[in-house]
Amino acid sequence: MSETVKLIYRDKCIELPLIEGAEGELAIDIGKLRQKTGLITFDPGYANTGSCQSAITFMDGERGILRYRGYSIEELAEKSIFTETAYLLIHGALPTRRELNHFSVLLNDNSLIHEDMQAFFQNFPRASHPMGILASMVTALRSFYPAYSITNEEELNLIVARLMSKIRTMAAMSYKISKGHKVIYPRPDLTYCANFLNMMFDNPVKPYRIDDTLVEALNVFWVLHADHEQNCSTSTVRMVGSGKVNIYAAISAGISALWGPLHGGANQSVIEMLMDIQKNGGDVQKAVMRAKDKNDPFRLMGFGHRVYKTYDPRAKIMKRMCDKVLRKLKISDPLLDIALKLEEIALQDSYFIDHNLYPNVDFYSGIVLRAMGIPTNMFTVMFAIGRLPGWIAQWKESLDDPKWRLSRPRQIYIGNTVQKYIPIDEREVAGQS
Ligand code: ACO
């Protein structure tokens with residue numbers, strides 16, 4: 001008989017199964033709790049709730065560990081490229097050379113977007129946020145391309161290539177159109193990352209010179225963002241997907257969830273915060289004081305994480321990449337100096353120590369993206385392109401799960417008890433009895 005835990009309440013006692021994950025983490029299976037007792041659980045923000053069993057990504061927030069399919073993030077960031085990591089996440093194993101070449105061919109073949117879609121881009125107001133455009137355009141893909149029911153590897157490869165390749169083209173296209181510039185098409189001779197940079201920055205009168213260090217930095221940035229288990233946007237993709245919508249609708253919902261400043265939008269907010277500090281004379285101590293003040297809604301953006309209670313392992317890699325890019329390009333970014341000062345002060349401050357608040361991946365990523373020339377309002381789009389393989393892998397895993405069910409949490413109702421309807425002429429107007 002497998003292990004159980006006892007739940008004792010009032011005069012009752014029931015046993016609930018205990019389940020154990022591959023890395024030894026334990027969970028109480030409450031799947032039959034309501035049926036057996038009439039009770040439900042209460043966990044705002046789901047901080048103590050496992051929503052699924054997953055074989056994709058392992059995180060240990062106390063020890064600062066992140067692994068995709070068993071491979072450490074440090075090793076993947078050093079040795080892998082984004083397309084290979086995407087393949088690993090989605091298919092569950094590193095590709096052979098033949099498989100990776102085939103995947104690259106598919107990415108190239110699917111990199112153009114339907115010419116009719118350009119009209120949509122042209123008609124968004126110039127000031128539109130690129131995340132809103134991206135979410136709308138990903139939903140619109142459903143109208144232009146069928147959403148396959150995935151019954152074999154080849155269909156899966158095709159839908160993955162279509163999404164990954166077109167999302168990159170759409171992101172670069174929306175930037176070019178927002179600038180009023182000519183759209184640059186993808187090139188078959190360039191890698192995934194180099195192609196993106198070229199589509200963003202090439203110009204008929206000023207050809208773009210692709211810099212190897214920037215390509216490497218973009219690869220690392222996207223590898224680091226490729227998955228992060230059941231975060232807000234991934235859980236959204238799973239939840240929306242649980243209604244059996246098409247994949248474009250599920251991914252579009254994930255993009256919308258990522259937009260928020262407490263989630264993917266934090267990379268944009270970090271740079272805006274650093275710029276504000278710079279504008280106000282670089283007073284880092286004042287920002288730290290504000291973040292600690294309970295009467296001030298200000299938070300130190302790029303600090304803290306729901307799961308990591310130590311330094312985010314991705315932030316360490318990003319910080320090193322930041323140094324490398326700025327050194328190689330001989331850029332001196334005053335925002336980096338402010339960020340370093342902020343980190344130094346915060347890491348010694350008892351508030352941040354006691355609350356386990358350390359830099360997260362977004363703290364240094366914006367400085368790397370700035371060095372590439374990516375505009376601040378595109379930062380979260382960069383995150384979305386990186387997170388796409390994770391969303392697809394998690395969406396597919398959820399549909400293949402034999403325990404699949406429609407996601408439908410419960411609630412504890414705290415509103416009025418039964419009310420009697422009063423016809424409108426008989427209602428008292430507040431303040432006029
Ligand atoms: N600055 C100041 N105080 C903070 C911060 C911060 N960045 N983050 C958390 N706290 C404090 C809260 O005020 C709270 O204090 P209290 O217990 O004394 O009231 C305590 O730490 C816990 O905060 P919660 O919001 O409950 O923690 P939670 O785990 O829900 O939040 C989150 C995590 C949203 C990431 C939070 O740390 C935050 O807002 N950080 C800034 C935004 C950010 O960088 N987001 C990116 C996260 S990574 C990602 O999504 C890619």
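The legends below describe several close-up views of a predicted model.

**Figure 1. The three domains of the chain.** The protein is divided into domain 1, which covers residues 4-60, domain 2, which covers residues 71-263, and domain 3, which covers residues 266-372. The centres of domain 2 and domain 3, taken over C-alpha atoms, are separated by 27 Å. Contact between these two domains involves 20 residues of domain 2 and 21 residues of domain 3.

**Figure 2. The area buried between domain 2 and domain 3.** The size of an interface is often given as the accessible area lost when the parts come together. For domain 2 and domain 3, the buried area is about 1900 Å². Carbon and sulfur atoms give 69% of this area. On the side of domain 2, Phe221, Leu224 and His228 lose the most area to domain 3. Together, these three residues account for 28% of what that side buries.

Figure 3. Seven residue pairs are in polar contact across the interface of domain 2 and domain 3, counting pairs with both residues at pLDDT 80 or more. Helix H2 (73-79), helix H8 (192-201) and helix H9 (212-225) each supply at least two residues of the side of domain 2 that touches domain 3. Helix H9 gives the most to that side, with nine residues. Two salt bridges are counted between domain 2 and domain 3. In a salt bridge between aspartate 211 and lysine 328, the closest N and O atoms are 3.6 Å apart.

Figure 4. The structure holds 16 salt bridges. One of them joins arginine 314 to aspartate 312, with the closest N and O atoms 2.7 Å apart. Arginine 314 has a relative accessible area of 2%, and this residue therefore counts as buried. Aspartate 312 also counts as buried, because its relative accessibility is 1%.

Figure 5. The side chains of aspartate 11 and lysine 12 meet in a salt bridge, with an N to O distance of 4.0 Å. Aspartate 11 counts as exposed because its relative accessibility is 69%. Lysine 12 has a relative accessible area of 42%, so this residue is partly exposed. A further salt bridge links arginine 187 to aspartate 189, and the closest N and O atoms are 2.8 Å apart. Arginine 187 counts as partly exposed at 35% relative accessibility, whereas aspartate 189 counts as exposed at 53%.

Figure 6. Strands of a sheet pair through backbone hydrogen bonds, either parallel or antiparallel. This open sheet has the strand order S4-S5-S6, and the pairing is antiparallel. Strand S4 (57-60) and strand S6 (71-72) are the edge strands, each of which pairs on one side only. Strand S5, formed by residues 65-68, is joined to S6 by two bridges. Tyrosine 68 has tyrosine 71 in S6 as its bridge partner.

**Figure 7. Two loop residues with positive phi.** Arginine 69 is found in the loop between S5 and S6. The phi angle of arginine 69 is near 50°, a positive value in a residue other than glycine. This residue counts as partly exposed because its relative accessibility is 22%. Lysine 330 also has a positive phi, of about 55°, although it is not a glycine. Its place is the loop between helix H14 (313-328) and helix H15 (334-348). With a relative accessibility of 74%, lysine 330 counts as exposed.

Figure 8. Glycine 61 lies in the loop between S4 and S5. This glycine counts as buried because its relative accessibility is 5%, which falls under the 20% limit for that class. When residues up to four places away in sequence are not counted, glycine 61 touches Val307, Tyr308, Lys309 and Thr310. Glycine 61 and aspartate 337 are 276 residues apart along the chain, and their C-alpha atoms are separated by 28 Å.

Notes. Residues numbered from 1 in each chain as written. Predicted model: local features only at pLDDT ≥ 70, side-chain atom pairs only at ≥ 80, totals over all residues. Heavy atoms only, no water. Pairing = 2+ DSSP bridges. Helix = DSSP H or I, 4+ residues; strand = E, 2+ residues; numbered from the N terminus. Buried < 20%, exposed > 50% of the residue type's maximum accessible area, 1.4 Å probe, protein only. Domains from an automatic or database assignment. Contact = heavy atoms within 4.5 Å. Buried area = accessible area lost by both parts, 1.4 Å probe. Polar contact = N/O pair within 3.5 Å; in protein donor to acceptor, adjacent residues only side chain to side chain.
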